[in-house]
Amino acid sequence: MSEKHHIHPDFRHILALTQQERIDFLDEPRWVGYSSAIRIIDSLQGLLHKPKRPRMPNLLLVGDSNNGKTTIIHRFMDLCGKGYVNEEAEPVKPIVLAEAPPSADEKGLYMSILERFFTPYRASDPTAKLRYQIIHLCRSCHVQMLVIDEFHSLLTGTPVKQREVMNAIKLLCNELAIPIVGVGTREAVRVLHSDPQHASRFDVLSLPLWQLNPDFQRLLASFEQILPLERPSRLHQPELASVLHTISGGNLGDLHRLLVECAKEAIQSGAELITRDIVEAQSWLRPTKGIREIVT
């Protein structure tokens, strides 16, 4: 077992499990760090610890669907967002992660945030009452940052509704003096164009698709360290890296799924490594305009 240098030491014991147990292990969520994700988390941590001031900086994180944005945010939550009780016996909730409502709706946004506090509220209450319930809870729980996922959903709705939601976000930022982070697809930038004031408050940080370069090869080497295969696949080698990049399109989520399916096939077939033939056999995973059709 000590010779399995292609696998991270923390996961080498998985090789002693049954085939089914190793396949189940592949489907478990697992963090794989890479330079872009680390830079984004560093930026979020810097924003989290900004001193309070009248006009707090905000951030909009955008990128292609299924390219790792939400995974980065959840990693950031694991590192910095866990609640605790302080020395004064007061509850502390450093970060609130809410999801934007399905369409631009101020009241819907407030209810989504209130759900993260696990607190009773009445959906029939006036919008203003829900707003100030959130402000009270954020102050009493010492909230330092509000993160709104699926920010692009705010594009669904009339321009008037979009402006109402963005004004609500601005009000929360001003009242609480905390940074607000939006997370969404590249279309989310259009939400900021509803008013020049909103655009001036948000810096936009982009998470691009992966290019076929040494960074992508290092990413593949990191992935290989968590795949419980008896033999090294050398995914980072140019030939295999090129095929993986072509099929995944440089999309991190598609790459992850592709590697998981290839690893399952390697385990079930007894090959115990990912070969070019195994990768090309999974070409059905190649996305076409975001849709994958499974051929049976």
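This is a predicted model: local features need pLDDT of at least 70, side-chain atom pairs count only at pLDDT 80 or more; totals for chains, interfaces and linings use all residues.

Biologist: Let us begin with strand 5. Which way do Met145, Val147 and Asp149 point, and which way do Leu146 and Ile148?

Modeller: The general idea is that in a regular strand the side chains alternate between the two faces of the sheet. Here, Met145, Val147 and Asp149 point one way from strand 5, while Leu146 and Ile148 point the other way. All of these residues are buried.

Biologist: Why is strand 5 described as largely enclosed by the rest of the structure?

Modeller: Five of the five residues of strand 5 are buried, so the strand is largely enclosed by the rest of the structure.

Biologist: How many residues of strand 6 are buried?

Modeller: Strand 6, residues 180-184, is mostly covered, with five of its five residues buried. Ile180, Gly182 and Gly184 point one way from strand 6, and Val181 and Val183 point the other way.

Biologist: Which strands are joined to strand 6 by bridges?

Modeller: Strand 1, residues 58-63, runs parallel to strand 6 and is joined to it by four bridges. Within this pairing, Gly184 of strand 6 is the bridge partner of Val62. Strand 5, residues 145-149, is also parallel to strand 6, with three bridges between them. There, Ile148 has Gly182 of strand 6 as its bridge partner. Between strand 5 and strand 6 the chain passes through helix 6, residues 159-176, and this β-α-β crossover is right-handed.

Biologist: How many bridges pair strand 4 with strand 5?

Modeller: Strand 4, residues 95-99, pairs with strand 5 over five bridges, in the parallel sense. Leu146 of strand 5 is the bridge partner of Val96.

Biologist: Which helix gives the most to the lining of the largest pocket?

Modeller: Helix 3 gives the most, with seven residues. Helix 3 (69-80), helix 9 (214-224) and helix 11 (252-269) each supply at least two residues of the lining. By class, the lining has eight nonpolar, twelve polar and eight charged residues.

Biologist: How many disulfides does the structure hold?

Modeller: A disulfide is a covalent bond between the sulfur atoms of two cysteines. This structure holds zero disulfides. For Cys173, the closest cysteine sulfur is in Cys138, and because the separation is 12 Å, it is too far for a bond. Cys173 is buried, with a relative accessible area of 1%, and Cys262 is buried with a value of 0%.

Biologist: Finally, where is Asp24 placed?

Modeller: Asp24 lies in helix 1, residues 19-26. Its relative accessible area is 40%, so Asp24 is partly exposed. The C-alpha atoms of Asp24 and Lys264 are separated by 9.3 Å, although these residues are 240 residues apart along the chain.

Methods
Residues are numbered from 1 along each chain as its sequence is written. Side-chain values use heavy atoms; hydrogens and water are left out. Buried means under 20% relative accessible area, exposed over 50%, partly exposed in between (1.4 Å probe, protein chains only). Two strands pair if DSSP finds at least two bridges between them. A crossover is right-handed if, with the strands pointing away from the viewer, the path from the first strand over the helix to the second runs clockwise. Ala, Val, Leu, Ile, Met, Phe, Trp, Tyr, Cys and Pro count as nonpolar, Asp, Glu, Lys and Arg as charged, and the others, Gly among them, as polar. A disulfide is a pair of cysteine sulfur atoms within 2.5 Å.
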